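User: I'd like to learn how to read side-chain features in a protein model. Could you walk me through a case?

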Amino acid sequence: MMHIVCPDGDPGCQEMLDPIKLQHLSLTGTFSWYDGKPETTEEFIERVGNAEGVLIMWDFPKEAII
């Protein structure tokens, strides 16, 4: 199953995500949402984990690219 993560979500933007698209995603995988920007690169990496997809709201720390 595919796992997609939004590691730095804006709480106001989560409501803008189309519930129907999220429902379809649940048929093939999972979606995790974290409110707010991570305070450290380590926290960013922890939030992303082994996700196959990442939805970025703010920025992707260059230190997190492996």
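Analyst: We'll go through charge pairs, ring pairs, the core and the surface in turn. Keep in mind that this is a predicted model.

User: Let's begin with charges. How many salt bridges does the structure hold?

Analyst: The general idea first: side chains of opposite charge can pair when their charged atoms come close. Here there is one salt bridge. It joins glutamate 43 to arginine 47, with 2.9 Å between the closest N and O atoms.

User: Where do glutamate 43 and arginine 47 sit relative to each other in helix α3?

Analyst: They are four residues apart in helix α3, so about one helical turn separates them.

User: Next, rings. How many aromatic pairs are there?

Analyst: Two. When you read a ring pair, check the distance between centres and then the angle between planes: under 30 degrees is stacked, over 60 is edge-to-face, and the rest are tilted. Take phenylalanine 31 and tryptophan 33: their ring centres are 6.4 Å apart and the planes meet at 45°, so this pair is tilted. Phenylalanine 31 is partly exposed because its relative accessibility is 27%, while tryptophan 33, at 15%, counts as buried. The other pair is phenylalanine 44 with phenylalanine 60, where the centres are 4.9 Å apart and a 70° angle between planes makes it edge-to-face.

User: Which parts of the chain does the pair of phenylalanine 44 and phenylalanine 60 tie together?

Analyst: Phenylalanine 44 belongs to helix α3 (residues 41-48) and phenylalanine 60 to the segment after β3, so the pair links parts 16 residues apart in sequence. Phenylalanine 44 is buried at 3% relative accessible area, whereas phenylalanine 60 is partly exposed at 37%.

User: What makes up the largest nonpolar core?

Analyst: A core is a set of buried nonpolar residues whose side chains are joined. The largest one here has five residues: Val5, Phe44, Val48, Ala51 and Ala64. To see how a member is placed, list its contacts, leaving out residues up to four places away in sequence. Alanine 64, for instance, touches Thr41, Phe44 and Ile45. On that basis proline 61 touches Thr41 and Phe44. Proline 61 is in the segment after β3, and its relative accessible area of 16% means that it is buried.

User: Now the outside. Which residues form the nonpolar patch on the surface?

Analyst: Val54, Ile56, Phe60 and Ile65, with about 320 Å² of accessible area together. To qualify, a residue needs over 30% relative accessible area. Valine 54, in strand β3 (residues 53-54), has 33% and counts as partly exposed. Isoleucine 56 lies in the segment after β3 and is also partly exposed, at 31%.

User: What does isoleucine 56 touch, setting aside residues up to four places away in sequence?

Analyst: Pro7, Asp8 and Phe44.

Terms used. Residues are numbered from 1 along each chain as its sequence is written. This is a predicted model: local features need pLDDT of at least 70, side-chain atom pairs count only at pLDDT 80 or more; totals for chains, interfaces and linings use all residues. Side-chain values use heavy atoms; hydrogens and water are left out. Patches are made of residues with over 30% relative accessible area and no salt bridge: like charges are joined within 9 Å, nonpolar side chains (Val, Leu, Ile, Met, Phe, Trp, Tyr) within 5 Å. Accessible areas come from the Shrake-Rupley method with a 1.4 Å probe; for residues, only the protein chains shown count as cover. A salt bridge is a side-chain nitrogen of Lys or Arg within 4 Å of a carboxyl oxygen of Asp or Glu. Helices (H or I, at least four residues) and strands (E, at least two) are DSSP runs, numbered from the N terminus. Buried means under 20% relative accessible area, exposed over 50%, partly exposed in between (1.4 Å probe, protein chains only). Rings of Phe, Tyr and Trp (its six-membered ring) pair if their centres lie within 6.5 Å; planes under 30 degrees apart count as stacked, over 60 as edge-to-face and the rest as tilted. A nonpolar core is a set of buried Ala, Val, Leu, Ile, Met, Phe, Trp, Tyr and Cys residues joined through side-chain atoms within 4.5 Å. Contact means heavy atoms within 4.5 Å.
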